[in-house]
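Student: I am new to this structure and would like to learn how to read it. Where do we begin?
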Amino acid sequence: MSAPGWPAVLADGPVLLRPYRRGDGRAWSQVRLANHAWLAPWEPTPPGRWDDLNSPSAFRYVLKELRHTALEGTAMPFGVFLTEPTGERFVGQLSLGNIVRRAFCSGYAGYWIDNRAAGQGIIPTALALVVDHAFTLGGLHRIEVNIRPENAPSRRVVEKLGFREEGYHPRYLHIDGFWRDHVGYALTAEDVAAEGGLLARWHRLRGPATNSV
Ligand SMILES: CC(C)(COP(=O)(O)OP(=O)(O)OC[C@H]1O[C@@H](n2cnc3c(N)ncnc32)[C@H](O)[C@@H]1OP(=O)(O)O)[C@@H](O)C(=O)NCCC(=O)NCCS
């Protein structure tokens, strides 16, 4: 049995989102190991050493857990890739998690990108693709993003897309060793319906960007 909206492959230009495969382990590990200092300040406190948790062999367990949550319908975990002449290049991850249905129909978005691919608008594009998918085939009504106040690049992602800043959550998540405050942003389906979705809004707002993929 599969959950609404899963599995799915989403694309806009060279930005491709798809479920992870077993063969992604080596690229995933290379990117995660190369980005320890870039990612650790914004990630849940790891239960062990970064190198062990992000080794090629650890990917087997990561994949098992992601597939389990996707099958039970509580997550949509996408790998983010760039389509290049030589093939797909793994650059990051964008997941919807904590999906609750019934009267809530809501999920939390989390994301990260390889610092060598940052600043090209890849994650805003990926987030817009996933939000539109969640609001249609995924059957969701609301997407939240919770961000540490000092994470200026991540706040720019949601602010550029027009997410609504809704609240301030003291000591909200255990990130990088401590309970950290977060700013809560959200969108509901009604917010983007008249514009033909979030990707259409992003294309319109972005215009002919020069440093973008
Ligand atoms: C937050 C993050 C996912 C943004 O992804 P992205 O694809 O680079 O997004 P954008 O290209 O839209 O860039 C967002 C902002 O980052 C900043 N930025 C641009 N290039 C950058 C670079 N090379 N390094 C750091 N920040 C950069 C800019 O302020 C940019 O905003 P602008 O477009 O108004 O100038 C990425 O910075 C990242 O992975 N950070 C570490 C993990 C993290 O914070 N995850 C989110 C937790 S809530």
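Tutor: Begin with the ligand. This is a predicted model, and in it α2 (36-39), β5 (106-113), α5 (122-135) and α6 (152-161) each supply at least two residues of the shell around the ligand.

Student: Which helix gives the most to the shell around the ligand?

Tutor: That is α6, with four residues. The residues that come nearest to the ligand, out of 19 around it, are Trp42, Ala118, Gly119, Ile123 and Pro153. Sorted by class, the shell holds 13 nonpolar, five polar and one charged residues.

Student: Which residues of α6 are buried, and which are exposed on the other side?

Tutor: Ser154, Val157, Val158 and Leu161 are the buried ones. They cover an arc of only 80° around the axis, so they sit on the same side of α6. Ala152 and Pro153 are exposed on the other side. The cover over the buried residues includes α5, β6 (142-147), β8 (178-188) and α8 (198-206). After α6 comes Gly162, with a positive phi near 85°.

Student: Why do residues a few places apart in a helix point the same way?

Tutor: An α-helix has 3.6 residues a turn, so residues three or four places apart point the same way. Helix α4 is another case to read: its buried residues are Phe59, Leu66 and Ala70. Seen down the axis of α4, these fall within an arc of 35°, so they line one face of the helix. The face turned away from that buried side carries exposed residues, namely Arg60, Tyr61, Lys64, Glu65 and His68. Among the elements covering the buried residues of α4 are α1 (25-34) and β3 (76-84).

Student: What span should the 13 residues of α4 have?

Tutor: Counting 1.5 Å a residue, α4 (residues 59-71) should span 18 Å, and its end C-alpha atoms are 18 Å apart, which agrees. Just after α4, Gly73 takes a positive phi of about 85°.

Student: Which residues other than glycine have a positive phi?

Tutor: Asn98 is one of them, with phi near 50°. Asn98 lies in strand β4 (residues 87-100) and is partly exposed, because 14 other C-beta atoms lie within 10 Å. Cys105 also has a positive phi, near 45°. Cys105 is in the loop between β4 and β5, and is partly exposed, with 18 other C-beta atoms within 10 Å.

Student: Where is the peptide bond that is cis?

Tutor: The bond from Trp6 to Pro7 is cis, and its omega is near 0°. Pro7 is in the segment before β1 (10-12).

Definitions and conventions. Residues numbered from 1 in each chain as written. Predicted model: local features only at pLDDT ≥ 70, side-chain atom pairs only at ≥ 80, totals over all residues. Near = placed C-beta within 6 Å. Nonpolar A, V, L, I, M, F, W, Y, C, P; charged D, E, K, R; others polar. Expected span 1.5 Å × (residues − 1). Buried ≥ 20, exposed ≤ 12 C-beta atoms within 10 Å, placed from the backbone. Arc of directions from axis to C-beta. Contact = placed C-beta atoms within 7 Å.
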